[in-house]
Structure formats: structure tokens, C-alpha cells
Amino acid sequence: MMLEGRVCIVTGSARGIGLSIAETFAKEGAIVVVTDVRADLIESSVKEIVSKGGKAVGIAANVAESVQVGALVTRVVEELGRIDVLVNNAGVTRDALLVRMSEADWDFVLDVNLKGAFLMSQAVAKVMMKQRSGKIVNISSVVGLMGNAGQANYSASKAGLIGLTKSAAKELGGRGVCVNAVAPGFIETEMTASLSEESRRAFLENIPLKRAGQPSDVASAALFLASAAGDYITGQVIGVNGGLYM
Ligand code: NAI
């Protein structure tokens, strides 16, 4: 068991990659906090984990709202006593070409993807610094490294997460807290299900492994970084992209 008894918060874990991370961590003995803005989906995700013998609790929260983030972290510490791992996975897209992008769509994506990770990291870091241990894993994206037409807001948020990762790694390293990022490529989830056949084909043509990734591929990298296997790794970005970007 790679995470026996560890308290792990995974944001945006009611579905998709976040749920896969939560399931993978629970299988490795973690006590997982399933948190998501979609309160309606949390219960079934928690039940799914518990039905397989895992330990999980569900708490609804919007990561872009500091009051909700504060309440979430306080409740986890009160009920579970500590926080060993935070995975900042919650993310959204509002795609449009730069010249047509609305200010509201820019703000929305930056607020959830980047400010959300900042607020969660800040609240959890205080707990981890006192413990003198912890792991923070930020789910960035290949487009944060290479850019993508139609995703100026999303790419900027994911590139910003890499800067946040490295700065936090430098600040928290002395307190035994490791901060890393995983940058997935093209992963089959509801987020990518809406892509046109054409852009799907264009992506696949450029992937050396010639297939899309699965949420479990991202979960494996997150598990590695969250576990003792990643104890001497901080400030790094691990690509999980089938070779799409090297
Ligand atoms: P998804 O849309 O299936 O899941 C995202 C989850 O985040 C949803 O459950 C959603 O309700 C939750 N969420 C959204 N806003 C939130 C908020 N304000 N507070 C709390 N939870 C919130 O997306 P998917 O594909 O599972 O993506 C997960 C992460 O992986 C995201 O950060 C995404 O940007 C990233 N990613 C996904 C890739 C893909 O190909 N699917 C590729 C690269 C990165």
C-alpha cells in the first residue's frame, strides 16, 4: 500500500481524472476527501470508492471561493486530523479564439484553474508546514507548455500552475513539503468528449504512442508523486502525454 492511512484531498474528484486519482489513492490505502463544485455527483463517487473497500468522505466546495476553501480545509483537519496530500485537479475550459474571447470567460477559467489552486495550496500549506510533511500535486496540461489555438485562457492558467508549482516548491521545501505538477496530454474524459472529430484526429496524429491516454494514466503519475516514491522530487513537471510534447 503506497498511501496507507494518508489523508488526501483531491479537488474536482466527482468525475473524470480527479475521480480516477481518488479511486487509485483509495486502493492504495488512503483516506480520500472527494471534493467538487458538483455536489450532485459527489455522493455516487464516494459510494463507488467505498463499495470497493476504500475510505472516502465527500465535501462540496468551489475552489475559486476562498470562504468555501477555508471551510473545507478546516473541516478536513477537524474530522481527519491532518492533510498529507493535496491534488489540485479541478479545472474548466471556455474555449474561444483570443480576439473573440470574453473577459468573463478569461476570468472564469483563471479563477477556477489558477486561483483555485492558489487558494487550496495556501490553506493546505499552513497545515503541512506545521506537520513538516506533505505533497502537493498540481494537474497542469500539455497546452500550458506548448500553447493551443482557441485556449488562451486555459493555456495561460495551466502555464501559471507550473510557475505556482515551482515557487511553492522553493518556499515549502525546507518544511518537508514537495510540490510538483503533472501535465497530461490528450486524455479521454468528458472534457475532451466534446472535441470535433477533426481536432481529435489532429491530436492523435501527433502522439507517438498513437492513442489517447486514460484517466488512470494520469492517476499513476499522481500516485507516484504523492507517495514515498516521490520523496526526493520537487518543483518538477511530469508529462503524461504519449510523447505529444517532449
Ligand atoms: P472533467 O470536466 O471531467 O472534471 C473536472 C471536475 O472539476 C468536474 O467534476 C468539475 O465539476 C470539477 N470542477 C469544476 N470547477 C470546479 C470548482 N470551481 N471547484 C471544484 N470543482 C470544480 O475534466 P477532466 O478531463 O477530468 O480534467 C481534470 C483536470 O485535468 C483538469 O484540471 C483539466 O484541465 C486537466 N487536464 C485534462 C486533460 C484531458 O485531456 N481531459 C488534459 C490535460 C489536463
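A backbone N or O atom of N89 lies 2.7 Å from an oxygen atom of the ligand. That pair falls under the cut-off for a polar contact: N or O atoms within 3.5 Å, where within protein one must be able to donate a hydrogen and the other to accept it, and residues adjacent in sequence count only if both atoms are side-chain atoms. The side chain of D36 places an N or O atom 2.6 Å from a ligand oxygen. V37 uses its backbone, with an N or O atom 3.3 Å from a ligand nitrogen. The protein covers 95% of the 830 Å² of accessible area that the ligand has on its own (Shrake-Rupley method, 1.4 Å probe).

This is a predicted model: local features need pLDDT of at least 70, side-chain atom pairs count only at pLDDT 80 or more, and totals for chains, interfaces and linings use all residues. Residues are numbered from 1 along each chain as its sequence is written, and side-chain values use heavy atoms, leaving out hydrogens and water.

Now the shell. Around the ligand stand 27 residues, and D36, N62, N89, Y154 and T189 come nearest (near means a heavy atom within 4 Å). By class, the shell has 13 nonpolar, 10 polar and four charged residues.

Next, look at N153, in helix α6 (a DSSP run of H or I, at least four residues). Is N153 buried or exposed? N153 is buried, because its relative accessible area is 0% and buried means under 20%. Its side chain has a polar atom 2.9 Å from the backbone oxygen of R94. The backbone oxygen of D105 lies 3.3 Å from a polar atom of the N153 side chain.

How values were computed: Nonpolar A, V, L, I, M, F, W, Y, C, P; charged D, E, K, R; others polar. Helix = DSSP H or I, 4+ residues; strand = E, 2+ residues; numbered from the N terminus. Buried < 20%, exposed > 50% of the residue type's maximum accessible area, 1.4 Å probe, protein only.
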